[in-house]
Amino acid sequence: QVKTVESGGGLVQPGGSLRLSCAASGSILSRYTMAWYRQPPGKQRELVAEIRSGTTANYADSVKGRFTISTDDAKNTVYLQMNSLKPEDTAVYYCNRKYGAWAWGQGTQVTVSL
């Protein structure tokens with residue numbers, strides 16, 4: 001069973017940047033469509049970004065042009081570069097395989113606030 005460990009979250013001011021990392025044990029990530037999700041307070045989990053075969057990326061309209069997803073097979077890691085952060089980006093962020101999800105990790109909290 002693949003385990004994912006998300007990290008890199010924190011408190012940042014509006015307009016700031018963060019880079020999230022997701023380490024996935026025992027898997028070559030470019031074999032799959034990998035995705036980042038987020039769950040804002042009191043809301044359901046939503047898809048933020050996905051990347052297929054390590055190259056083709058798609059984004060939710062709310063983050064398009066601000067977030068970039070990438071993978072590094074050598075490190076079994078998926079990244080989410082987040083720029084121009086807004087308060088509405090506040091959420092717990094998770095990564096997972098999009099089709100046939102593994103067990104969810106603990107996520108990483110991102111808080112965008114003054």
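Predicted model: local features only at pLDDT ≥ 70, side-chain atom pairs only at ≥ 80, totals over all residues.
Strands count as paired if DSSP finds at least two bridges between them.

Between β1 and β3 (residues 18-24) there are 4 bridges, and the two strands run antiparallel. One of the residues involved is Val-5, whose bridge partner in β3 is Ala-23.

The chain has 0 helices and 10 strands, where helices (H or I, at least four residues) and strands (E, at least two) are DSSP runs numbered from the N terminus.

Values for the chain follow.

| Property | Value |
|---|---|
| Box filled by C-alpha atoms, along the principal axes | roughly 40 × 25 × 25 Å |
| Buried residues (under 20% relative accessible area, 1.4 Å probe, protein chains only) | 42% of 114 residues |
| Accessible surface (Shrake-Rupley method, 1.4 Å probe) | about 5,900 Å² |
| Carbon and sulfur share of that surface | 48% |

The radius of gyration, taken over C-alpha atoms, is 13 Å, which agrees with the value near 13 Å for a compact globule of 114 residues. That rule is 2.2 Å times the number of residues to the power 0.38. Of the contacts (heavy atoms within 4.5 Å) between residues at least 6 apart in sequence, 54% join residues at least 24 apart.

Residues are numbered from 1 along each chain as its sequence is written, and side-chain values use heavy atoms, leaving out hydrogens and water. Local features need pLDDT of at least 70 and side-chain atom pairs count only at pLDDT 80 or more, while totals for chains, interfaces and linings use all residues.

Terms used: Buried < 20%, exposed > 50% of the residue type's maximum accessible area, 1.4 Å probe, protein only.
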